[in-house]
Amino acid sequence: MVKLEKVTFSYSGGKPIFDQFDWEIGDGQSWAVLGPSGCGKTTLLYLLAGLILPQSGNIIIDGQVLTRPRPQTGLVLQDYGLLPWATVAQNVKLGLQVRGFYGPDGKHAPAVATPTQAPDFWLHRLGITEVADKYPGQLSGGQRQRTAIARTLVLQPDLLLMDEPFSSLDPVTRKDLQELTLQLWREARFTFVLVTHAIEEAIMMGQSIMILGSQPARQMSFLVNPLFGELVDRDSLAYRQLFDELQSRLGAV
Amino acid sequence: MLLNQPVLPSPSIVVAALYVELGRGELPLHFLASLWRVMASMMVSVLLAAPAGLVLGQSPRLNRIFSPFIYWLYPIPKVVLVPVVLLFLGIGDLAKIVIIFLILFFQILVLVRDQAASLRPELIQSVRSLGAGRRALFRFVYLPASLPAILTALRQSVGTAVAVLYIAELFATQYGLGYYIFLNGSTLLNYPAMYGGIILMSLLGMMLYFGVDGLERWLCPWLRAGQVEGSQH
């Protein structure tokens, strides 16, 4: 589904954040990218989204070299992604409006217009029907992220990218949304990449976990998560071992 | 008789004079002439300054090129150009509208530019990820984002616009509150009528303030919604 080939990227004038970086993500997989803040996680996600382009190397998604944001890729950021002047319902419809604005041109919208579920379906599925007429400034953090997720899923993405989507939420809301996101992933089977600095979240959300650390990131350190999809007992030996392993790798890379 | 006219008449005398003057039919025309000039210049200013501000605000490169010129022209007190504008544009309404426009244009331009430039990158990137290119970003992000800035700029401009209106109407016109106030205050020495004109001028300003507030309620409902329950963040 996604393939990074010798990707090199640096912000203008800076030292490279990624240097000859290779990565492959299989169709329908779920990946957690784990790393401390400032390690280039967001940059990696922006690269996958086509919002920034590598100086050299290729990012290939679904057989196509990425040269601009892809209409089938969804992106959810930590915060501030919603239009403050639009209601929840209007925000959820935004992607469809943008597609309607260009028509099915294959660049801004898929060349073949696919039938999509009505925005109302996603408002309901994400549990935000009651706040449909409120503005983002009137919502709790959890409701804002539900709106952001609904806005993305309306467009039926085959690749969903999330950048620390639950970091600013309280623990209860965070757990709810983590579970909901996994459930949606199981239903829709999109390829899923979540970026996080929290080891617990990486264990919960990623079939595979990539650890990003020192710059430039060249070789990736990753492991297949043995505890993914299980009801994890955080006091169990297996959990402690995995947690310690990730923590030591975070320190090492 | 004329010398007995008090320079500071009591409010009741002013209101009575205002009533008489309004009844004579000339004063409403002065009021409408002023209202038209100030509204036309506000409209033209928004139509030209807002798009220019949007373009500069979302292009750091263009902004680097143009902002020295803006900062160079902005501080010039535009009323000094009144004789020049009159010379080139003649004695009609156009000259007066242009003088007010010259002042409002820069105020709106700078506010809209700064608003567009201060949009969060997360917002821009999110909307780009939904497929929006430059045109859709303008339509769905920059334009609505600049509405509050345009209205704020208009609100700040009302006082200036009315003040400049007075100066612009001193020259080469028979209509307008500025002309009326000057005529009664300096030529006819009819002070009650002059104060009546001043009252109408402040009413004109008040109408404009309420108009801008109304536009804001209508066009920017999220601002009020945020005030009511703005505590959650």
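Select chain A and begin with its contacts (C-beta atoms, placed from the backbone, within 7 Å): among those between residues at least 6 apart in sequence, 70% join residues at least 24 apart. The model is predicted, so local features need pLDDT of at least 70 and side-chain atom pairs count only at pLDDT 80 or more, while totals for chains, interfaces and linings use all residues. Residues are numbered from 1 along each chain as its sequence is written, and chains are lettered from A and ligands numbered from 1 in the order in which they are written.

Now select A:Gly40, in the loop between strand E3 (30-34) and helix H1 (41-49) of chain A. A:Gly40 counts as buried because it has 24 C-beta neighbours inside 10 Å; the cut-offs are 20 or more other C-beta atoms within 10 Å for buried, 12 or fewer for exposed, and partly exposed in between, with C-beta atoms placed from the backbone.

Proceed to helix H2 (residues 88-102) of chain A, which has 15 residues. H2(A) bends by about 45° at A:Leu94, the bend being the angle between axes fitted to the seven residues ending there and the seven starting there. Buried residues of H2(A) include A:Val88, A:Leu94 and A:Arg99. Display also helix H3 (119-125) and helix H4 (141-153) of chain A, together with helix H7 (134-168) of chain B, against which the buried residues of H2(A) pack.

Definitions and conventions. Two residues are in contact if their C-beta atoms, placed from the backbone, lie within 7 Å. Helices (H or I, at least four residues) and strands (E, at least two) are DSSP runs, numbered from the N terminus. The expected span of a helix is 1.5 Å times one less than its number of residues.
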